[in-house]
Amino acid sequence: MNFHFNSSIKFAFVATALVSTGVFAQALPKKAPSRSPAQTQAAEKGWVKEPSSFLGIELKKPLTVQNCPTTYISQNSKMVMMDFEALKSMDGVCIDTQDITYQYQRGDSGKFKLFNLPNLGFTYKVYLNFKAGLVTSFTMELDQSDFSTLLNVFKDRYGAPTSSQTHVFKAKNGGEFNATEVAWKGKNTSIYMYERLGRLDESHVLITDNEDLQAELDSKRDQRASESQKF
């Protein structure tokens, strides 16, 4: 399966990652990308290191992530903030209850920004996406300059990718740059890494439950088909 996306689908991917419950893009089969011997062997054996969780949080399980510790801004103030000192001795990721994505969250579907992430030597963001109270996916945002470092981290953790290709990213100023797209496709879980998606200097990662991803793709496809009848 080829994971090259046209510009409109890339826009939908980025927009959904930032404002809705997950990142979803439609992968349309074209010619199969070339595989390295390691990738061919991985495809024959299947993804042997396929995870069912990310950052210690199980996919397709109820949302039970701990809240980050808080403290009062001052002794005379009722306003609270995240307690970064207490965070240093805390195990695992947490949700900042003072963060705007938490303060304005409604219902049992949405997303939360995670804190107390593993120190990889560079800055990145992770959002947990949930639907009907169950964790469905995670999205990551990072600088493009750190993409290769994270790719090596994921290779060490999850083994050889099942798909990898490089295409040309065309910037608004007319410049052309190489952009790598890497995927690990398992029976239940998949990981997609995009070196450049929507922006020249920004990379995106999606860790998702396959069943939920397919349901979202089907829903968006049906919606487009319905809206097209209005023309």
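Contact here means heavy atoms within 4.5 Å of each other. The model is predicted, so local features need pLDDT of at least 70 and side-chain atom pairs count only at pLDDT 80 or more, while totals for chains, interfaces and linings use all residues. Residues are numbered from 1 along each chain as its sequence is written, and side-chain values use heavy atoms, with hydrogens and water left out.

Leaving aside neighbours within four places in sequence, Gln 144 is in contact with Glu 195, Arg 196, Leu 200, Asp 201, Glu 202 and Ser 203. Gln 144 sits in the loop between S8 and H5; helices (H or I, at least four residues) and strands (E, at least two) are DSSP runs, numbered from the N terminus. With 19% relative accessibility, Gln 144 counts as buried, where buried means under 20% relative accessible area, exposed over 50%, and partly exposed in between (1.4 Å probe, protein chains only). Its side chain has a polar contact of 2.8 Å with the side chain of Glu 195 and another, at 3.4 Å, with that of Arg 196. A polar contact is a pair of N or O atoms within 3.5 Å; within protein, one must be able to donate a hydrogen and the other to accept it, and residues adjacent in sequence count only if both atoms are side-chain atoms.

Next comes the core. A nonpolar core is a set of buried Ala, Val, Leu, Ile, Met, Phe, Trp, Tyr and Cys residues joined through side-chain atoms within 4.5 Å. The largest one has 29 residues, and Phe 138, Phe 154 and Met 193 touch the most other members. Among the elements that each supply at least two residues are strands S7 (124-131) and S8 (134-143) and helix H5 (147-158). H5 gives the largest share, 5 residues. Not counting residues up to four places away in sequence, Phe 154 touches Phe 54, Met 140, Gly 159, Trp 184, Ile 191, Met 193 and Val 205. There is also a second, separate core of 7 residues, including Ala 183, Tyr 192, Leu 206 and Leu 217.

Leu 142, found in strand S8, counts as buried at 4% relative accessibility. Leu 142 and Val 205 are 63 residues apart along the chain, yet their C-alpha atoms are separated by 8.6 Å.

Helix H6 (residues 210-228) has 19 residues and reaches 27 Å from its first C-alpha to its last, close to the 27 Å expected at 1.5 Å a residue; the expected span is 1.5 Å times one less than the number of residues. Buried in H6 are Asn 210, Asp 212, Leu 213, Glu 216 and Leu 217. These residues cover an arc of only 165 degrees around the axis, so they lie on the same side of H6, the arc being that of the directions from the helix axis to the C-beta atoms. The buried residues of H6 pack against S7, S8, S10, S11 and S12, while the face turned away from the buried side carries the exposed residues Glu 211 and Asp 222.

Finally, the structure holds 1 disulfide, a pair of cysteine sulfur atoms within 2.5 Å. Cys 68 and Cys 94 form it, with their sulfur atoms 2.0 Å apart. Cys 68 lies in the loop between strand S2 (57-58) and strand S3 (70-72) and Cys 94 in strand S5 (residues 94-95), so the pair ties together parts that are 26 residues apart in sequence.
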